[in-house]
Amino acid sequence: MPQLPALVVTLLLTVALPFSVIAFMARGDKAAIKTALLGGATFFVFQYLLRIPLIRLLSSQSLSFILFSQTQPVLYALVLSLSAALFEEGGRYLVMRRLVRRYAFRDGFIFGVGHGGIESFLLVGLPTLALIISPMELSGALVLISAAERVFAMVIHVAFSLMVMQSVKNRRIFGLLAAFALHTLVNFITQILQVSGYPVYVVELFILGFMFFMLGYIIYIRMKETDKMKKEDAA
Amino acid sequence: MKKAAAALLCAALLLTAACSSQAFEFDEDAAVSAAKDVIDLVYVLDFDAIYGLFREDVRELVTAESLEAAIAPIMDQSGAFVEHKKAQAVAHNDKQFGEIIIVGVQTKYENETLTYTISFDRDFNLVGLYIQ
């Protein structure tokens with residue numbers, strides 16, 4: 001695919017899609033819009049302002065960390081994956097516990113779209129805008145793959161948000177731990193595949209497969225809530 | 001909760017053990033000194049001399065010109081040499097280069113501090129040079 005159409009499709013998927021989903025699901029409900037903004041703020045604060053600068057600082061200032069990354073690529077990938085899960089899932093839990101007031105399926109869903117949406121905007125949407133303004137030689141297919149990955153990631157973020165929301169709602173730690181473990185796992189396997197030199201399509205196929213697994217969880221939670229509502233209506 | 005804490009502690013201990021073990025014995029002072037020699041050559045922009053330090057098989061992967069293209073812009077911005085700050089070396093079994101010693105050196109220049117990651121084989125032939 002030529003570069004410009006690929007860039008436009010990428011912008012639609014990484015910027016327009018999450019905004020449209022939020023607008024459609026919130027439909028003027030201010031509390032739902034606030035929940036989506038909190039989801040976005042969670043990524044922005046815990047990843048963009050805290051974790052990423054911390055990793056950058058360690059990677060440029062700590063000789064031990066630099067040498068560790070060179071000599072222990074598997075453990076290094078594990079440290080990066082654990083820290084991403086810790087900051088993002090820990091952040092999600094704190095924000096949901098302290099600032100979110102409603103814990104229905106729609107709230108968890110919209111929180112996840114906000115979280116994944118701001119991530120896709122910052123990591124892919126903004127660089128894509130920059131590429132449109134000042135073009136560079138880049139494969140259109142590669143641009144589209146990065147956009148597809150952000151869509152997969154958004155679905156995965158929705159599932160993690162629902163997991164953590166279940167944990168907050170039911171005051172049980174299992175959902176948080178499951179989100180933490182699965183987040184670590186998907187990041188770790190992705191990085192190991194990359195470090196081992198697997199082609200990019202293998203990495204993306206893995207993320208796609210994981211997305212379908214998490215989609216199953218989203219559908220399960222939705223059906224559970226619908227059943228509960230039906231029972232309450234019948235009673 | 002106690003089980004989770006114990007599991008985390010075990011993981012941290014395993015991680016520490018994995019990080020601290022050296023792949024083989026080597027003279028750390030000699031490795032750091034060899035790395036500082038390379039840094040001196042980088043500072044005076046002697047790319048032919050740096051190229052000459054590379055192991056024969058690695059020389060096929062780089063040229064003095066490609067070294068200059070990558071390094072000269074960094075050194076243009078860094079300013080005059082001030083001092084070497086920290087240095088650390090580890091032994092590592094690398095899939096591509098075999099048994100190597102990786103030396104990290106932080107060097108302060110007038111305008112910025114650069115971190116060098118310099119790799120040698122056991123005979124101190126250069127196999128890797130990275131500056132950030």
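Let's start with confidence: chain B averages a pLDDT of 87, and 84% of its residues score at least 70, pLDDT being the predictor's confidence in each residue, from 0 to 100. This is a predicted model, so to speak of local features we need pLDDT of at least 70, and side-chain atom pairs count only at pLDDT 80 or more, while totals for chains, interfaces and linings use all residues. On labels, residues are numbered from 1 along each chain as its sequence is written, and chains are lettered from A and ligands numbered from 1 in the order in which they are written.

By element I mean a DSSP run: helices are H or I with at least four residues, strands are E with at least two, and both are numbered from the N terminus. For the complex, the predictor gives an ipTM of 0.74 and a pTM of 0.85.

Now the layout of chain B. It has five helices and four strands, and along the sequence they follow the pattern α-α-α-α-α-β-β-β-β. Of its 132 residues, 18% are buried, and here buried means 20 or more other C-beta atoms within 10 Å of the residue's own, exposed means 12 or fewer, and partly exposed is in between, with C-beta atoms placed from the backbone. Among contacts in chain B with a separation of 6 or more, 51% come from residues 24 or more positions apart; two residues are in contact if their C-beta atoms, placed from the backbone, lie within 7 Å.

On to the sheet. The four strands of chain B make an open sheet in the order β1-β2-β3-β4, with antiparallel pairing; a pair of strands needs at least two DSSP bridges between them. At the edges sit β1 and β4 (126–131) of chain B, each pairing on one side only. From one strand to the next, the twist averages 15 degrees. Nine bridges link β2(B) and β3(B) in the antiparallel sense, and B:Lys108 stands opposite B:Thr113 in β3(B). Between β3(B) and β4(B), also antiparallel, there are five bridges, and B:Phe120 has B:Leu126 in β4(B) as its bridge partner. Those two strands form a hairpin with four residues between them, and B:Phe124 in the turn has a positive phi of about 65 degrees.

What lies across this sheet? Helix α2 (residues 28–43) of chain B lies across β1, β2, β3 and β4 of chain B, at about 55 degrees to β2(B). Axes here are lines fitted to C-alpha atoms, for helices over the stretch in contact, and angles run from 0 to 180 degrees between N-to-C directions. In the loop between α2 and α3 (47–53) of chain B you'll find B:Leu45, which has a positive phi of about 60 degrees although it is not a glycine. B:Leu45 is partly exposed because it has 14 other C-beta atoms within 10 Å.

How do the chains meet? 13 residues of chain B are in contact with 10 residues of chain A. On the chain B side, the elements giving two or more residues are α1 (2–20), β1 (81–94), β2 (98–109) and β3 (113–121). β1(B) gives the most, with four residues. By class, that side has five nonpolar, seven polar and one charged residues; Ala, Val, Leu, Ile, Met, Phe, Trp, Tyr, Cys and Pro count as nonpolar, Asp, Glu, Lys and Arg as charged, and the others, Gly among them, as polar.

Finally, chain A. Within α8(A), A:Phe210, A:Met211, A:Met214 and A:Ile218 are buried, and their cover includes α6 (140–170) and α7 (174–195) of chain A.

In the loop between α6 and α7 of chain A sits A:Arg171, which has a positive phi of about 55 degrees although it is not a glycine. Why does A:Arg171 count as exposed? Because A:Arg171 has 7 C-beta neighbours inside 10 Å.
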